[in-house]
Amino acid sequence: MSRIEVSKLPIDPGPAAWNDLLEPAAASQSLDAELTADWLVIGAGFAGLAAARRLSQLCPSDRIVVLEARRVAQGPAGRNSGFMIDLPHDLSSTDYGGALAQDKTLTADNRHAIAFAADMARDFGMSASVFSKSGKVNGAATAKGDAHNRDYAAHLAAMGEASEMLDGAGMEALTGTTYYRSGLYTAGTAMIQPAAYVRAVAKGLSSNRVQIFENSPVTSLSNNGTWTAQTPAGRVQAPKVILAVNGHLNSFGFLKNQLMHVFTYASMTRPLTTSEMVRLGGDSVWGITPADPMGTTVRRITTAEGDRIVIRNRFTFDPSMEVDQRRITCVARDHDRAFAARFPMLTGVEMQYRWGGRLCLSRNNVSVVRELENGLFSACCQNGLGTTRGTLSGMLAAELATGTNSERLDRARAAPQPSKLPPQFITKTGATAVLKWQEMKAGAEL
């Protein structure tokens with residue numbers, strides 16, 4: 001008999017701001033009974049919901065249970081920046097690009113995941129404010145950032161991918177600020193309201209065949225011919241289980257010392273007044289990723305109360321998968337500086353929300369889509385791209401578990417294990433130093 005005691009439950013610092021913008025969700029249904037199912041999915045983020053959707057397609061008569069430790073959209077999915085990116089986006093590189101052949105394959109896989117998400121957006125009635133394939137811009141504030149963009153544009157051209165360079169005037173027309181000297185527009189990114197998206201998927205999937213239980217963390221897993229998941233008030237028995245818990249794969253006892261746990265941080269303004277929106281100018285909706293991967297991501301979004309601006313920057317290495325409020329307060333100063341530098345016309349606009357979000361990376365930039373034990377599958381380690389890579393991992397884990405073959409699954413199965421990390425004290429010291437050095441090099445891109 002195999003038994004797994006879960007060592008840590010998810011802890012997320014600060015509010016899930018995207019979720020707080022929405023109307024309150026209906027009362028949650030927690031697991032408080034003993035159930036049997038054909039499939040159990042643990043985790044209701046991008047990966048878990050994609051896995052449940054794919055299972056419902058491949059096994060249309062099977063019963064699927066999804067267990068979520070918190071409310072849907074209160075975890076990392078409700079803290080995501082909302083860029084569902086199709087093109088190479090390697091956070092450890094200088095310009096996001098990698099090996100040419102590998103990047104072509106990666107792009108095709110990412111687009112497959114985005115198409116899958118777009119189908120859900122259509123089937124579950126999402127508006128353009130929740131899911132829109134509107135593209136994004138890499139914004140460059142410095143000569144070095146502009147050079148990164150031009151290198152990336154050349155890399156994309158070698159891949160056969162189109163892009164459009166924007167000059168400073170074009171960036172000002174888009175964003176309202178003179179901060180950026182250039183930008184690189186690519187059309188394939190889907191921009192999402194991440195909390196609204198996962199809530200809509202969860203609602204659309206829910207039926208008499210697919211049940212989603214919130215506030216139902218799994219505290220143990222055991223296998224005595226079939227898997228049993230124990231929660232504080234109930235249990236689920238199923239012959240096959242998909243773990244869609246990203247870095248918390250370590251908490252289930254797998255891949256110890258092979259996953260890197262990183263936090264990134266964001267702040268969101270209060271709604272802008274009409275006069276503030278006039279002073280800012282530019283378009284009402286846009287998304288900017290930084291030309292330097294360690295720089296500042298910025299979004300302008302429209303809400304019922306008025307437009308808001310989201311600032312995301314800073315990375316910290318935290319093997320405990322926890323950070324406290326002091327970290328949020330410290331990082332907030334960097335957010336305020338980044339906001340003030342970009343939007344001097346918005347002096348006096350306060351941040352209403354500040355939060356942190358968990359990322360999971362591997363040294364060799366691979367995801368973990370595999371059978372961990374008999375009947376226990378994983379869709380984890382999204383390498384900082386939870387929207388796209390999480391969706392893809394969930395789909396592929398469902399295909400692996402059902403014996404559904406595809407070239408994408410073959411590539412995932414052929415991928416190596418995440419590389420081993422040095423001893424923890426060396427990894428933490430080294431990773432922290434590297435992150436600080438890279439942020440310092442980013443300069444005004446941060």
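Arg122 is exposed, with a relative accessible area of 56% (buried, under 20%; exposed, over 50%; partly exposed, in between; 1.4 Å probe, protein chains only). The model is predicted, with local features requiring pLDDT of at least 70 and side-chain atom pairs pLDDT 80 or more, whereas totals for chains, interfaces and linings use all residues. Residues are numbered from 1 along each chain as its sequence is written, and side-chain values use heavy atoms, without hydrogens or water.

Arg122 forms a salt bridge with Asp119 (a side-chain nitrogen of Lys or Arg within 4 Å of a carboxyl oxygen of Asp or Glu). The closest N and O atoms of this pair are 3.1 Å apart. Asp119 is partly exposed, at 33% relative accessibility. Both Asp119 and Arg122 belong to helix 3 (residues 100-123), where three residues, about one turn of the helix, separate them (helices, H or I, at least four residues, are DSSP runs numbered from the N terminus). A network of salt bridges links Asp119 and Arg122 with Arg53 and Asp123.

Two further pairs involve Arg327 and Asp318, and Arg326 and Asp324. In the salt bridge between Arg327 and Asp318, the closest N and O atoms lie 3.2 Å apart. Asp318 is buried, at 5% relative accessibility, whereas Arg327 is partly exposed, at 25%. The side chains of Arg326 and Asp324 meet in a salt bridge with an N to O distance of 2.7 Å. Arg326 is exposed, with a relative accessible area of 67%, and Asp324 is partly exposed, at 35%. Across the whole structure, the search finds 24 salt bridges.

Notes: Helices (H or I, at least four residues) and strands (E, at least two) are DSSP runs, numbered from the N terminus.
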